[in-house]
Amino acid sequence: TELKLELAKAEEIDENFAFDRIIKESDSLKTVVKKSEHENMQTFKKTYRLLDLNDLAEVSHKLKTARTVYLVGLGGSGVVCEDLYQKLIRLNVNAHYFRDFHLLMSALTHATEDDLCLALSYSGETREVVLAQKQAYEQGLCTVGISQVGNTSLNRYSQHMLYVPKTEMPLRLGSISSRFAMLALTDLLYLELARQDVSKTRKQIISTRETIEQFEKK
């Protein structure tokens, strides 16, 4: 009986705490799932602990009052931009997201101080993202950056920064979790925008849903 109890304790510790950060070929599917669950949960906890509510509220207000919102991100950060773009459109925010860097820079050429540029880069060093933010900053736009904690090039050209936890090893599971961390931040911005006028938000969501449903019936 004592042996069984000790084995059960060892298995529990192994499943919940003693995870190797890197996927191994010898891992079972159960192990992969447990590793992913553990890493993502840790990242989410750290993300929420890093939150500065004043910064979050101010950025949300800037998003609401901006004439045009330009979203900048490549790769995994681009996926987050695409998700936020779809959400902002539903709230009738004049948002733009360009997958093509040249199109983005062309659009930014005509941006003004009434506009906002939200740039996402986990490393904070993605060349195209930093160049776009620099262009926006020099043109007087309100610039917001989302990246890992630390002094990065993106910080230099961002008036407001929101942070996700820093992952030491690029190939570890945390590099996947970082995308979820950025999604968590952008979701919070979206929810705060929606909260500021719930009645209006409800009407906008219903209106967009009805429009889509009409097309689906045809």
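1. Contact in this note means heavy atoms within 4.5 Å. The model discussed here is predicted. On that reading of contact, and leaving aside its neighbours within four places in sequence, Leu 63 is in contact with Val 69, Val 93, Leu 116, Leu 189 and Leu 193. Leu 63 lies in helix α3 and is buried, at a relative accessible area of 1%.

2. The overall make-up comes next. The protein has 9 helices and 5 strands. Read from the N terminus, the order of elements is α-α-α-β-α-β-α-β-α-β-α-β-α-α. There are 218 residues, of which 39% count as buried. Taking contacts between residues at least 6 apart in sequence, 66% of them join residues at least 24 apart.

3. The sheet is open and consists of 5 strands in the order β2-β1-β3-β4-β5, with parallel pairing. The edges are taken by β2 (95-97) and β5 (160-164); each has a single partner strand, so one side of each is left without a neighbour in the sheet. On average, and with direction ignored, neighbouring strands of this sheet are turned by 15° against each other. Helix α3 (residues 53-65) packs on the sheet and touches β1, β3 (116-120), β4 and β5. The direction of α3 makes about 120° with that of β5. This is the helix that holds Leu 63.

4. Two of the strand pairings can be given in detail. Strand β1 (residues 69-72) is joined to β2 by 3 bridges, and the two run parallel. Within that pairing, Leu 71 has Tyr 97 of β2 as its bridge partner. Between β3 and β4 there are 5 bridges, and these strands also run parallel. Here Ala 119 stands opposite Gly 145 of β4.

5. How many of the residues of β4 are buried? The count is 7 of 7, so β4 is largely enclosed by the rest of the structure. Thr 143 is found in this strand, which spans residues 142-148. Its relative accessible area is 0%, and Thr 143 is therefore buried, the cut-off being under 20%. Apart from neighbours within four places in sequence, Thr 143 is in contact with Cys 117, Gln 133, Ala 136, Tyr 137, Tyr 157, Ser 158, Gln 159 and His 160.

6. The cysteines deserve a separate point. The structure holds 0 disulfides. Cys 117 is in none, and the nearest cysteine sulfur to its own, that of Cys 81, is 9.2 Å away. A disulfide would need the two sulfur atoms within 2.5 Å. Cys 117 is buried, with a relative accessible area of 0%, and is among the contacts of Thr 143. Cys 142 is likewise in no disulfide; for this residue the nearest cysteine sulfur is that of Cys 117, at 9.5 Å. Cys 142 also counts as buried, at 13% relative accessibility.

7. Which residues make the contact between helices α5 and α6? The axes of α5 (residues 101-109) and α6 (residues 127-138) come within 10 Å and cross at roughly 5°. Angles under 35 degrees count as roughly parallel, and α5 and α6 are therefore roughly parallel to each other. From α5, the contact is made by Phe 101, Leu 104, Met 105 and Leu 108. From α6, the residues are Glu 128, Leu 131, Ala 132, Gln 135 and Ala 136. By class, this contact has 7 nonpolar, 1 polar and 1 charged residues. Ala 136 of this contact also touches Thr 143.

8. The last point concerns Ser 153. Is this residue buried or exposed? Ser 153 is buried, with a relative accessible area of 14%. It is found in helix α7, which covers residues 153-156. Not counting residues up to four places away in sequence, Ser 153 touches Gly 124, Glu 125 and Val 130.

Technical notes: Residues numbered from 1 in each chain as written. Predicted model: local features only at pLDDT ≥ 70, side-chain atom pairs only at ≥ 80, totals over all residues. Heavy atoms only, no water. Axes fitted to C-alpha atoms, helices over the stretch in contact; angles between N-to-C directions. Helix = DSSP H or I, 4+ residues; strand = E, 2+ residues; numbered from the N terminus. Parallel < 35°, antiparallel > 145°, perpendicular 65-115°, else oblique. Nonpolar A, V, L, I, M, F, W, Y, C, P; charged D, E, K, R; others polar. Buried < 20%, exposed > 50% of the residue type's maximum accessible area, 1.4 Å probe, protein only. Pairing = 2+ DSSP bridges.
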